[in-house]
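Trainee: I am new to this structure and would like to go through its side-chain contacts step by step. Could we look at the sequence and the model together before I ask?

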Amino acid sequence: MIKLTEIITEPGQYDPELGRNGCTYSLRNTYINPNFIVAMTDNKKFNDIHRQNPVLKDLTTMAKFTRLSVAHGVGSLSYHDILGTPEQHFSVIKEGQK
């Protein structure tokens with residue numbers, strides 16, 4: 001198992017100034033079996049959001065995010081928004097396989 005930091009999106013109230021529902025973000029630890037990771041890609045959505053307005057007050061604007069796809073049984077995937085780049089996570093997984 002590897003420990004990752006996942007960003008959680010929590011829906012908020014409708015904001016008439018934005019014309020849409022606002023949301024808040026928080027972090028939590030998540031543990032994933034690296035054998036079930038199917039794909040890791042740059043998380044363009046969170047990278048763009050964070051670049052415009054940091055999703056968390058204490059998180060550096062240089063932070064990057066990864067979209068992680070994890071297999072759950074036959075033909076079923078779950079998706080996780082993870083703090084860090086795909087390259088960072090790949091090196092952690094590779095190091096753990098030694």
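**Charged and aromatic contacts**

Mentor: Let us start, bearing in mind that this is a predicted model, with Lys-44, which forms a salt bridge with Asp-48, the closest N and O atoms lying 2.8 Å apart. Both residues belong to helix 1, where they are four residues apart, about one turn of the helix.

Trainee: Is Glu-6 buried or exposed?

Mentor: Glu-6 meets Arg-28 in a salt bridge, at 3.2 Å from N to O, and because Glu-6 lies in strand 1 and Arg-28 in strand 2, the pair ties together parts that are 22 residues apart in sequence. Arg-28, at 46% relative accessibility, counts as partly exposed. Glu-6 has a relative accessibility of 6%, and since buried means under 20%, Glu-6 counts as buried.

Trainee: Why is the pair of Tyr-25 and Phe-46 described as edge-to-face?

Mentor: The ring centres of Tyr-25 and Phe-46 are 5.5 Å apart, and the angle between the planes has to be compared with the cut-off, which is over 60 degrees for edge-to-face. The pair links distant parts of the chain, with Tyr-25 in strand 2 and Phe-46 in helix 1. The pair is edge-to-face because its planes stand at 75°.

Trainee: Which residues do ring pairs link into a cluster?

Mentor: Phe-46 also forms a tilted pair with Phe-65, with 40° between the planes, and this pair joins helix 1 to strand 4 across 19 residues. Tyr-25 and Phe-46 are both buried, and so is Phe-65. The cluster linked by ring pairs consists of Tyr-25, Phe-46 and Phe-65.

Trainee: Which residues are exposed on the other side of helix 2, away from Pro-86, His-89 and Ile-93?

Mentor: Pro-86, His-89 and Ile-93 are buried, and they cover an arc of only 70° around the axis, which puts them on the same side of helix 2. What covers the buried residues of helix 2 includes strand 1, strand 3, strand 4 and strand 5. On the other side of helix 2, the exposed residues are Glu-87, Lys-94 and Glu-95.

Methods:
Residues are numbered from 1 along each chain as its sequence is written. This is a predicted model: local features need pLDDT of at least 70, side-chain atom pairs count only at pLDDT 80 or more; totals for chains, interfaces and linings use all residues. Side-chain values use heavy atoms; hydrogens and water are left out. Rings of Phe, Tyr and Trp (its six-membered ring) pair if their centres lie within 6.5 Å; planes under 30 degrees apart count as stacked, over 60 as edge-to-face and the rest as tilted. Helices (H or I, at least four residues) and strands (E, at least two) are DSSP runs, numbered from the N terminus. Buried means under 20% relative accessible area, exposed over 50%, partly exposed in between (1.4 Å probe, protein chains only). The arc is that of the directions from the helix axis to the C-beta atoms. Contact means heavy atoms within 4.5 Å. A salt bridge is a side-chain nitrogen of Lys or Arg within 4 Å of a carboxyl oxygen of Asp or Glu.
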